[in-house]
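Please look over the sequence and the model below before reading on.

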Amino acid sequence: MSAPTIDLPTSPVTPPASAAALAPPFRERLGDFWYTLRRNPTAMIGLFMIGVVIFAALFAQWIAPYPANEIDFAVVAQPPTREHLFGTDQFGQDIFSRVLFGARIDLMIALSAVVISLIIGSVYGAISGYVGGLTDEVAMRIMDILQGFPRFIFAMGIAFALGPGIETVVIATAVLNIPGYARLMRSSMLSAKTSQYAMAAKAIGANHRAILFKHLVPNCMIPIFVISTLQFGWAILEAAGLSFIGLGVETSRAEWGAMIQLGFQDFLQGHWWMYTFPGLAIAWTVLGFNLLGDGLQDVLDPRRR
Amino acid sequence: MATTATTPHAVAAMPAETPMLEVRDLETQFFTRKGVARVLDRLSFSIGKGEIVGLVGESGSGKSVTGFSIVNLIKSPGKIVAGEILFEGRDLTRLSEDQMRDIRGKDIAMIFQNPRGSLNPVLTVGDQLRQVLKYRQGMNKKQAQERATELLRLVHIPEPERRLKAYPHQLSGGMAQRVMIAMAISCSPHLLIADEPTTGLDVTIEYQIIQLLKEMRDLTGTSVIAITHDLNMAAEVCDRIMVMYAGKVVEQAPVLQFFTKPSHPYTLGLLASRPSLSGGDEIPTIPGNVPDLIHRPTGCAFHPRCRWATQECISIEPLPREVGPGHTAACHHLEEVQRDIAAAH
Amino acid sequence: MRLARYILRRLLFLVPVLLGAIFITFFLTRLVPGNPIEKVAGPYASDEQVQQMKDEAGLLDPWYVQFWHYLGDLAHGDLGISYQTNQAVTTDLREKFPASFELVFFGMLLAVGVAIPLGIISAVKQGTWVDQLTRVIAVLGVSMPIFWIALILVSTFYTRLGWLPGPQGRLPIAFSDPPHVTGMFTVDALLDGDTDTFWAAAKQLVLPVITIGLTAMAPIARMTRATMIEALNSDYVRTAKSLGLPTRVIVSKNALKNAIIPVLTLIAAVFGYAIGGEVLVEYIFTWPGLGKYSFDAIMGSDFPAVQGFIILAVAMYVLAYLIVDILIALLDPRIEY
């Protein structure tokens, strides 16, 4: 039952020239990523919604019909009119203008919180994963404890300790987001340590640590981007929540949560516009980030639809 | 078993007068983001009653898709777009989902590769067997329990009562595949499609599973389509072998003919790349890759990888030609191929 | 017996989380700039009086001594005396607990009761309007601030339509509390056979429960949909289909049992989120529960009360995880215990 053998040429496998050759072509992957992302309607709607908010934040000075804090007792608590699209609050401040200026404060808070937690969390996670052993174990157990807190309660505790203010909100929200980044960086570090290119780098005698970090960073970029969009949404919600109960930004400032607090003070008078519009602004922004995050996850994991 | 089994059948490879399954010009396509992949390309073949037919080819040749097309369980974005699947006189492609569901399990059953993953991890073996017997055979609890035990005994699982209480993760791969076979034959199907049933199992277990498949055929007279990339296994179990390439049958022959007089260049490549027990140096592989099914090669799909290819192969698709009794091959250069083989010896 | 050992092992894992929480809480509350004693003593107290009160409260000791005392007291179930109510914090918490429990319990019940069927249906009928609806609920529910949802619900159903009572706590002023059995007014009123009070209490519950339910259902529905889709595309469901099992059996027996396991863990996490959201909800609905209590405590720099609340919240959260862990161990045969 033996078959006649025919000599069929085998194609030789070219050996990798260097460790760099084994590294995934990051630039190319990013290009592919953007290409598929552009075809994802969810992500694009999210991006558009965020774009609107960023536009409002950047150009509030020029778009807003009134300054953020122009008190005018002649037009106190007015429902929406042509002069005041979203009505006025109990100090006669124009709510439309305040919502626009609010985009600045809220985006700044969220951005600062996300950047702080990104830096602290990533360094923490990368070191934990690199050192390994007992240190890693203890470090991750600390993250468990942080995540063991119900999020908002923890934020309240921190805000309570620090006293009201924008910095307080930034710090309270940032601390909550550290574990997410730490875990991501740690697991990326662990896989980078055992990966082919780390081995190859070692084999050709390159600086192991340098290579590790050089490859770690591009590999983490995309998942970090995804986590960050979702963390942005969380940050805005939590910041607004803290301001609403008076532990965050003072009600004198045009911050969305604080504006809702002002509206709540007049709640029983039926002045619905005072809290409705700032709330819509929050929902719009957070929805934008969540849609973008969803779209990103779809793109990264096509099985999820 | 004997109570519901159909008449015990003598082992006989007879491409019968009226085949039990006849596939005609079947086209299954996958509508992917990058374009339409024509995975099955006007595929035609037939299976006789009680016959074990091996469906061989590299991964990506469309073997498994053929199996799933027959029972209409192709995962999206795959779809049957043309052709007929005549099973005992009925065209399966025209049946409603409800009619099709009634055929699955009772008339046509399947077993899969990765048997442990194919069993439900949170249900016991007994739950899964009894479920089939309850909903497909209308048995009550007691009957189902008895029959389940009997089925496990039939596939040579020791201590069946204890195994019924086991969960899939507590079984070895071979044991899990036996359970799968027990489930598949529980409703005495007329056709059993085994999709790479021994992949991932070690050699001795593989042999036992193959023997079991043969035994089940002898016992129940069911026809079997054995999908595999393992020619040794096919040699062991099949009456007839069909070679698939790029969604077409390129050669089919009774098993003896197949190994003594392989005719299609692709078959020769497959046979040459078979790991031999005599050891030796390297396993020669067929150069090149399975073709891109979105942009299929013109003419003969194998021409980019074929050393006999000529201008004719690039422009004209070869039709199956008779090589011997029940033996066909689709190639323009059968004669040259045979001459070169003779010269090599 | 093996299950008991498993529970013990899970507890060993969760206790450090609780201890860590106590430690962090202790430090956070010591960081507060506003000195609570001065607040309690009032503006007319002399410096000596303030010093003496601090001494009595043990606030002049080094931090580790204070922490040690605190842990010792905690072990005896003593969380200190609230500066505001002058009652033991444990007593306060025990009094307030049923009100919050009633809210969170019904809120989670609503969330789970709606989200899981919705997630299943949308996975089975992917791409239909039910699916679209689920996806909209899932993404909107996590995008809207919970306190804003509460305000919109109240302004619509109370201020505008007048269908439901306003945010005035657990019962309208005209009613008196039902005799205390469980502390949940609806249950106690029923036990008392007082249907009027039951309906009044139930009506007060509707809006806050919907608020909590809406935010909690979003992630649960989303997760159920995702895990259910995964299960329906799995190899074992393909096997079930290849055997011709009826769709309803495949969905309810083969797929759901697998899909529900990760959802359970999520429910524990959402429960923690609900405890946090509850602070905001109770604040808006003037609901005399733990959330309102902790809010007042924060505003009044009442640290024993704040600490007590946070520790209780973390303990509840840990307990929820433990219950879920046990459920999963019972459902998933692959978990060795």
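## Chains A and C

Between chain A and chain C, the contact takes 38 residues from chain A and 39 residues from chain C, where two residues are in contact if their C-beta atoms, placed from the backbone, lie within 7 Å. On the side of chain A that touches chain C, two or more residues come from each of helix 5 (133–148), helix 6 (151–162), helix 9 (208–244), helix 10 (256–265) and helix 11 (273–300) of chain A; helices (H or I, at least four residues) and strands (E, at least two) are DSSP runs, numbered from the N terminus. Helix 11 of chain A gives the most to this side, with 10 residues.

This is a predicted model, in which local features need pLDDT of at least 70 and side-chain atom pairs count only at pLDDT 80 or more, while totals for chains, interfaces and linings use all residues. Residues are numbered from 1 along each chain as its sequence is written, and chains are lettered from A and ligands numbered from 1 in the order in which they are written.

## Chains B and C

Chain B also touches chain C, with 24 residues of chain B in contact with 18 residues of chain C. At least two residues of this side of chain B come from each of helix 2 (97–103), strand 6 (108–111), helix 3 (115–118) and helix 4 (125–137) of chain B, and helix 4 of chain B gives the most, with four residues.

## A sheet in chain B

In chain B, four strands form an open sheet in the order 2-1-4-5, with antiparallel pairing; two strands pair if DSSP finds at least two bridges between them. Strand 2 (35–47) and strand 5 (90–91) of chain B stand at the edges, and because each has a single partner strand, one side of each is left without a neighbour in the sheet. Strand 1 (residues 21–32) and strand 4 (residues 78–87) of chain B run antiparallel and are joined by eight bridges, and B:E22 stands opposite B:L86 in strand 4 of chain B.

## Helix 4 of chain B

Helix 4 of chain B has 13 residues, which at 1.5 Å a residue should span 18 Å, and its end C-alpha atoms are 17 Å apart, which agrees; the expected span is 1.5 Å times one less than the number of residues. What covers the buried residues of helix 4 of chain B includes helix 5 (141–154), helix 6 (160–164) and helix 7 (173–185) of chain B, together with helix 11 (247–284) of chain C; a residue is buried if 20 or more other C-beta atoms lie within 10 Å of its own, exposed if 12 or fewer, and partly exposed in between, with C-beta atoms placed from the backbone. After helix 4 of chain B comes B:G138, whose phi is positive, near 65 degrees.
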